[in-house]
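Please open the structure in your viewer and keep the selection tool at hand.

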Amino acid sequence: MASSWSRSNSPARDLAISSTGSGVCMMRNGWRDEQHPSLINFITSFLRANSFHLNFVPIAPDFIFNCGGISIAFVFVTNWDCNSVCAIYDRVQKLKNQFAHLYIVVALPTKEQNDSFVCSYFKYRMVLGRPIFVPVQNLEMGFEKIVKIALARGVCKQQDAISKLKLKRQRAVEGMDAFRQVLTSIPSIDNHDANALNQAIGSIEAISRATKDQILEKTDLSAEKAEIITRFFRDPKYYLSPKII
């Protein structure tokens, strides 16, 4: 196992989720008990190197990774028995209806096992990509693939969230610009006045309903400006004023 460990002991270097940790890995108790202790030791060390917290729990899949705000489930088949594949596919069919993000990692170290997997995949009429099967040559490579997939999905989720946040901020800025444009079209009202009205009273609709006394009470605008604002929203002469842009 040392060769795989030295080859790539930290995919999180390129796929960093956060400075405080990559996330949480939950391993099925039953799966752990079926494996050789050396594999469990490798997995434990590998997760620690990539800043994952490991918990042993009674779950349906073999692993569930929570990172970057997304949960990814994995089935890790470490012993492909060419004479007993039905149980594997039955389990996959059940799990794919329970988990939106499910991957099946299968260790196939021999040509016979690889051929058996290919034939069985079509025999059991699996739909390509639903779920995604990931054949690997050895167990260490298989778990490295699992961690890399989890990290990549987590990064994509975070980037999507960041993009949505940026879009929300952009729309907020654009909305504020439009707000200022409307209010500064009122004679004598400048950007400071517009900001004060926004913070103290709120929307254009709320400002249009505010009385002169309410504007004076909640902002630092002068009586003259408060009068202008109330007239602007109530007097047709101001509605039709050519000064409005």
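A contact is a pair of residues with heavy atoms within 4.5 Å. In this predicted model, residues 24 or more positions apart account for 71% of the chain's contacts that have a separation of 6 or more.

**The whole chain.** Display the chain as a cartoon. Its secondary structure comprises 11 helices and six strands. Of the 245 residues in the chain, 41% are buried.

**The largest nonpolar core.** In soluble globular proteins, nonpolar side chains tend to be buried together. Select Ile-43, Phe-63, Phe-65, Phe-74 and Phe-143: among the 28 residues of the largest nonpolar core, these touch the most other members. The elements that give two or more residues to this core are β1 (23–28), α3 (37–49), β3 (63–67), β4, β5 (102–107), β6 (132–136) and α6 (139–184). Now centre the view on Phe-143. Which residues does Phe-143 touch, leaving aside those up to four places away in sequence? They are Phe-42, Ile-43, Phe-46, Leu-47, Phe-63, Phe-65 and Phe-76.

**A second core.** Next, select Met-26, Ala-73, Met-126 and Phe-133, which are included in a second, separate core of 20 residues.

**The largest pocket.** Select Glu-34, Phe-76, Val-77, Ile-88 and Arg-91. Of the 13 residues that line the largest pocket, these lie nearest its centre. Two or more lining residues come from each of α2 (29–34), β4 (70–77) and α4 (86–96). The volume of this pocket is about 280 Å³. By class, its lining consists of six nonpolar, three polar and four charged residues.

**The second largest pocket.** Move on to Lys-96, Asn-97, Phe-99 and Ala-100, then to His-101, Leu-102 and Tyr-103; these are among the residues that line the second largest pocket.

**The cysteines.** A disulfide is a covalent bond between the sulfur atoms of two cysteines. How many disulfides does a search of the whole structure find? The search finds zero. Cys-82 is partly exposed, at 28% relative accessibility. Finally, select Cys-86, which is also partly exposed, at 36% relative accessibility.

How values were computed
Residues numbered from 1 in each chain as written. Predicted model: local features only at pLDDT ≥ 70, side-chain atom pairs only at ≥ 80, totals over all residues. Heavy atoms only, no water. 1 Å grid on protein atoms, 1.4 Å probe; cavity = no way out; pocket = protein on both sides within 12 Å on 5 of 7 lines; lining within 4 Å. Points joined across faces, edges and corners; volume = space filled by probe spheres on them. Helix = DSSP H or I, 4+ residues; strand = E, 2+ residues; numbered from the N terminus. Nonpolar A, V, L, I, M, F, W, Y, C, P; charged D, E, K, R; others polar. Disulfide = S-S within 2.5 Å. Buried < 20%, exposed > 50% of the residue type's maximum accessible area, 1.4 Å probe, protein only. Core = buried A, V, L, I, M, F, W, Y, C linked by side-chain atoms within 4.5 Å.
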